[in-house]
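Welcome, and please have a look at the sequence and the model below.

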Amino acid sequence: MTISARNQLSATVKTIKSGAVNDQIELTLNGGEHLVAVITSDSTQKLSLAQGSNVVAIFKAPSVILSTDTDLILSARNQLQATVEKITHGSVNAEVLVKTQGGVEIVTIVTEQSVKNLALEIGSQVNVLIKAFQVILGVKK
């Protein structure tokens, strides 16, 4: 798949909860962790999604939020525990590569100020937050 989004994670559909307008699609990532996408019911039909379908979960790096606060209860549906593997510093933003406990690599773009505020360094433990509405699903033709 050739698209500009950095995060393209292989997954399998675990469950589909149908709604009047949107469907909640629970995925199992290759590392065993779960990710939820909320897509239109029309998209679920167009992609022919069913339990066991192979999909690619796609989301852009700026849509990923990192947190080091373990005392917050957050509304973001997708929260994955990860370790910082690499930080590429820029003048304004930094690219941060994290690896989840299941071994899935996720790229995020955060401000340099956020890197400082969170005291991020290689080996830092972070909570990766991705809103379910930010996850796009794709299937192969």
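This is a predicted model: local features need pLDDT of at least 70, side-chain atom pairs count only at pLDDT 80 or more; totals for chains, interfaces and linings use all residues.

Residues are numbered from 1 along each chain as its sequence is written, and side-chain values use heavy atoms, with hydrogens and water left out.

**The sheet**

Helices (H or I, at least four residues) and strands (E, at least two) are DSSP runs, numbered from the N terminus. Strands of a sheet pair through backbone hydrogen bonds, either parallel or antiparallel. Here, 5 strands form an open sheet in the order S3-S2-S1-S4-S10, and their pairing is antiparallel; two strands pair if DSSP finds at least two bridges between them. The edges belong to strand S3 (34-40) and strand S10 (136-138), each of which has a single partner strand, so one side of each has no neighbour in the sheet. From one strand to the next, the twist averages 45°, with axes being lines fitted to C-alpha atoms and angles running from 0 to 180 degrees between N-to-C directions.

Strand S1 (residues 7-17) and strand S4 (residues 54-59) run antiparallel and are joined by 6 bridges. Across this pairing, Leu9 stands opposite Ala57 in S4.

**Charged pairs**

A salt bridge is a side-chain nitrogen of Lys or Arg within 4 Å of a carboxyl oxygen of Asp or Glu. By this rule the count comes to 3 salt bridges, shown here:

| Pair | N to O distance |
|---|---|
| Glu95 and Arg6 | 2.2 Å |
| Lys14 and Glu26 | 3.9 Å |
| Asp42 and Lys46 | 3.1 Å |

Glu95 and Arg6 meet in a salt bridge. Glu95 lies in strand S7 (residues 93-100) and Arg6 in the segment before S1, so this pair ties together parts that are 89 residues apart in sequence. For the surroundings of such residues, buried means under 20% relative accessible area, exposed over 50%, and partly exposed in between (1.4 Å probe, protein chains only). Glu95 is partly exposed at 26%, and Arg6 is partly exposed at 48%.

The side chains of Lys14 and Glu26 also form a salt bridge. With Lys14 in strand S1 and Glu26 in strand S2, the pair links parts that are 12 residues apart in sequence. Lys14 is partly exposed at 36%, whereas Glu26 is buried at 18%.

Asp42 and Lys46 are 4 residues apart in helix H1 (residues 41-46), a separation of about one helical turn. Asp42 is partly exposed at 41%, while Lys46 is exposed at 65%.

Which strand holds Asp23? Asp23 lies in strand S2 (residues 22-29). Asp23 is buried yet has no salt bridge, and the nearest side chain of opposite charge, Lys17, is 10 Å away; Lys and Arg count as positive and Asp and Glu as negative, while His and the chain ends are not counted. The side chain of Asp23 does make a polar contact with the side chain of Thr44 (2.8 Å). A polar contact is a pair of N or O atoms within 3.5 Å; within protein, one must be able to donate a hydrogen and the other to accept it, and residues adjacent in sequence count only if both atoms are side-chain atoms.

Ser41 lies in helix H1 and is buried, at 15%. A polar atom of the Ser41 side chain lies 3.2 Å from the backbone oxygen of Gly19.
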